[in-house]
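Here are my notes, in the order I jotted them down. Have the viewer open while you read.

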Amino acid sequence: MDSSKAGLLKELPIGIDETTEKDYASQSKLLKEFTSISSIDKAWVYKSESGIGSQAMFSMSQPNLLANKNRKYMLSSSISTDSNNNVNFQWAPFPVEMTGVSITVPSPSGSKLLVIRNPENESPTQFEIWSSSQLEKEFQVPQSTHGSVYAEGWFEGISWNSDESLIAYVAEVPSPCKPSFDYQGYKQCATKDKDCTSWKGQGDWEEEWGECYAGKRQPALFVINLSSGKVHAVKGIEKSLSVGQVVWAPPVEGIDQHLVFVGWSAEPRKLGIKYCYNRPCALYALKVPLYKSEAAETNLKSLEELTVVNLTQSISSAYFPRFSPDGKFLVFLSAKASVDSGAHSATDSLHRIDWPTDGKLNSSTKIFDVIPVVTCAEDGQFPGLYCSSFLSKPWLSDGCTMILSSYWHSCQVVLSVNVLSGEVSRISPADSGFSWNILELDGDNIIAVCSSPVDVPQIKYGFLVDKANNKAGWLWLNVSSPIFKCSEKVMSLLSHLQFGILQILVKDVSDSSTKGAAKPFEAIFVSSKVKDVPEPLIVVLHGGPHSVSLSSFSKSLAFLSSIGFSLLIINYRGSLGFGEEALQSLPGKIGTQDVNDVLTAIDHVIEKGLVDPSKITVLGGSHGGFLTTHLIGQAPNKFVAAAARNPVCSLSSMVGITDIPDWCYVESYGTNGKTIFTEAPSAEHLTHFYNKSPISHISKVKTPTMFLLGAQDLRVPVSNGLQYARALKERGVETKVILFPNDIHGIERPQSDFESYLNIGVWFKKYCK
């Protein structure tokens with residue numbers, strides 16, 4: 001070949017040919033437009049200084065692909081209402097980027113804002129107190145006091161006290177002293193300071209809390225005094241307890257105040273806690289002695305000799321503590337159904353304890369059931385409580401009604417709960433199939449977000465109308481907002497899509513099945529409303545298995561719908577939102593019941609003429625990847641292509657290296673797996689795990705399959721997917737592997753998420769032409 005012509009030839013990236021390069025170029029432009037849509041992380045509302053109307057702050061995020069981080073910013077708004085139930089949001093002209101900010105928490109009065117900046121190295125943690133116009137105070141907390149403040153997840157907890165003089169929070173304990181060595185050997189009396197003439201050893205290994213908590217060993221409780229800037233580690237808590245979700249108890253005149261927090265025991269070992277509600281936990285209370293000087297400067301006495309009281313000894317799980325506005329009772333959520341069964345997530349229950357006005361606590365406090373675990377609801381009735389979070393102030397003005405979000409089959413809904421009577425009402429509209437998520441309360445009104453698989457999120461403002469009679473109901477108004485703006489192209493593509501929630505009858509009902517296990521499950525079907533011929537289908541399978549795919553907006557799935565695919569998003573039995581009997585029907589039957597449910601749902605849409613049976617693909621992550629790789633083995637002629645994100649392919653190789661080995665036992669053996677769980681599986685156990693795994697069907701697979709793997713995954717370590725992918729290649733099956741070296745189980749870093757779904761779209765297009 002002529003060398004000058006050879007020099008003109010373009011070198012294509014590995015794994016891309018000239019045909020797929022065109023798809024990459026066109027699809028990446030569209031995916032970029034979907035990716036740029038912002039999302040609301042949190043919202044706060046407080047009364048205006050004038051006493052008229054309210055002020056709201058919205059904390060938002062938007063992927064920054066070039067920086068490979070989420071850009072965080074704040075947007076504020078003034079809210080005004082009138083007697084005719086009209087509402088007006090007056091938005092600030094521009095948002096403010098919160099560069100380097102880890103956490104923001106307004107004070108109870110709304111007059112101050114706490115900003116925390118966690119260090120990315122060994123620098124101090126920075127605490128800032130802002131007023132409406134300026135920075136008022138700034139404190140630097142060195143690493144010798146504590147590490148990073150926990151900003152999200154189970155252990156997050158930041159609480160202002162009532163007079164806004166103290167803040168309680170959860171942070172990582174200081175790193176332990178490591179052995180030092182120099183040219184003479186071991187160095188005695190070494191300090192933590194860096195020294196160029198010596199080097200630090202590793203010392204004893206300390207266990208962490210698994211996936212998402214790499215480098216996090218011990219969350220502990222601290223209090224900062226905003227007058228002096230002094231930080232006190234709260235003493236008296238056993239070192240075996242990891243703490244989180246701290247709140248101040250209501251103040252009682254003349255009595256030292258209590259801190260209430262959640263504690264998880266690290267005995268006998270720390271098992272992965274992310275997505276795992278089956279870790280036993282309890283509410284604890286600790287009296288914090290205080291005194292006030294004549295100058296009203298609050299100081300902390302010695303916290304060395306304090307007694308910790310377990311408030312919930314009679315129940316295996318208690319978290320999300322919330323005090324009633326009058327301070328007379330404490331409400332909390334429980335995952336006792338999950339803890340007691342061993343399932344990583346299950347139906348929640350809500351409970352209440354009376355808070356003593358004299359400040360005298362005891363561990364035999366009576367626990368009242370507000371919402372029990374719902375095993376099997378009648379058709380159309382409340383299916384049980386499934387909460388992923390509570391508002392910090394979830395109360396209406398009557399002091400006993402909580403407003404919260406919960407899963408109701410395939411939708412998320414807004415509920416009102418009377419914590420004295422136990423009455424539960426669904427107050428978001430029930431006729432649209434949309435999902436609703438509460439953001440904040442504005443007095444007795446509600447700010448929420450509503451969306452669907454084909455509708456970008458919309459802010460809604462809810463009024464309770466006709467309060468004076470028995471026909472009271474909620475009126476929901478649209479709020480014009482700049483937050484969820486997207487391009488005209490995206491809006492045009494979404495306008496051509498439709499969705500519906502399908503009821504799928506169970507095929508494998510046996511005499512031993514519970515009533516709940518025999519009820520229909522659901523699937524969300526997204527399709528074009530302008531094309532007469534069915535488009536290629538992507539079967540979308542959630543992980544867990546005890547989670548749920550909601551009828552809410554997903555940028556990634558909306559992108560796949562917009563490039564010419566129908567979606568069948570299946571909530572197989574075992575999913576959240578359908579009652580405890582349906583959920584508990586799956587453990588012990590993974591690889592069979594869930595696989596059959598998926599095949600039943602696919603056959604349902606084929607029989608309805610909604611899809612072309614020759615153009616079906618399948619996509620799933622984690623347990624959804626387990627199902628994906630099972631399906632291409634058990635139904636090898638069903639799918640033209642598959643994509644699996646961090647899939648569970650071999651339980652027998654996973655059980656010894658995952659952060660949740662108990663999951664392998666419970667899902668393979670059922671609830672009995674909790675009893676027989678061991679760190680040293682027997683040959684019989686390993687054989688059972690193998691027979692439950694997708695790899696046992698690998699000889700039948702012929703579907704082209706793509707694997708998207710996070711190299712830092714502690715939940716389903718990367719070796720699991722690589723082993724299966726290599727075995728497929730060995731058998732001549734077309735296989736593609738994309739490894740993300742710095743990603744964990746979720747593959748959620750902006751660049752990785754972008755590249756994942758771009759490749760999924762191109763891969764499926766290739767085999768559906």
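1. N68 is buried, with a relative accessible area of 15%, because the cut-off for buried is under 20%. Keep in mind that this is a predicted model. The backbone at N68 is worth a look too: phi is near 60°, a positive value in a residue other than glycine. As for where to find N68, go to the loop between β2 (54-64) and β3 (69-81).

2. E164 is another one to click on. Phi of E164 is near 60°, again positive in a residue that isn't glycine. This residue sits in the loop between β10 (158-160) and β11 (166-172). Is E164 buried or exposed? With a relative accessible area of 9%, E164 falls under the 20% cut-off, so E164 counts as buried.

3. Next, the cis peptide bonds. One runs from E267 to P268, with omega near -5°. P268 belongs to the loop between β18 (257-265) and β19 (281-288). Another cis bond joins G544 and P545, and there omega is about 10°. You'll find P545 in the loop between β36 (537-541) and α6 (555-562).

4. Now helix α11, residues 661-669. How many of its nine residues are buried? Eight are, so the helix is mostly covered, given that buried means under 20% relative accessible area. The buried ones are P661, D662, W663, C664, Y665, V666, E667 and S668. They pack against α3 (336-341), α9 (623-634), α10 (651-654), α12 (672-676) and α13 (683-692). After α11 comes G670, with a positive phi near 90°.

5. Rolling a probe the size of a water molecule over the atoms shows where empty space is left. The largest cavity holds about 50 Å³. Its lining consists of A249, P250, P251, V252, I255, D256, Q257, H258, W355 and G359. By class, that lining has six nonpolar residues, three polar and one charged.

6. The second largest cavity has about 30 Å³ of space. Which residues line it? They are C276, N278, R279, G342, H344, I660, D662 and W663. Sorted by class, the lining gives three nonpolar, three polar and two charged residues.

7. Finally, the whole chain. The protein chain has 15 helices and 41 strands. What radius of gyration would a compact globule of 769 residues have? The rule gives a value near 27 Å, and the chain has 27 Å, which agrees. Along its principal axes, the C-alpha trace spans about 85 × 85 × 65 Å.

8. Buried residues make up 56% of the 769. Of the contacts with a separation of 6 or more, 62% are between residues 24 or more positions apart. The accessible surface is about 33700 Å², and carbon and sulfur atoms account for 50% of it.

Definitions and conventions: Residues are numbered from 1 along each chain as its sequence is written. This is a predicted model: local features need pLDDT of at least 70, side-chain atom pairs count only at pLDDT 80 or more; totals for chains, interfaces and linings use all residues. Side-chain values use heavy atoms; hydrogens and water are left out. On a 1 Å grid over the protein atoms alone, a cavity is a set of points where a 1.4 Å probe fits but cannot get out, and a pocket is an open set with protein on both sides within 12 Å along at least five of seven lines; lining residues have an atom within 4 Å of a point. Grid points are joined across faces, edges and corners, and a volume is the space filled by probe spheres set on the points. Ala, Val, Leu, Ile, Met, Phe, Trp, Tyr, Cys and Pro count as nonpolar, Asp, Glu, Lys and Arg as charged, and the others, Gly among them, as polar. Helices (H or I, at least four residues) and strands (E, at least two) are DSSP runs, numbered from the N terminus. The radius of gyration is taken over C-alpha atoms; the globule rule is 2.2 Å times the number of residues to the power 0.38. Buried means under 20% relative accessible area, exposed over 50%, partly exposed in between (1.4 Å probe, protein chains only). Contact means heavy atoms within 4.5 Å. Accessible areas come from the Shrake-Rupley method with a 1.4 Å probe; for residues, only the protein chains shown count as cover.
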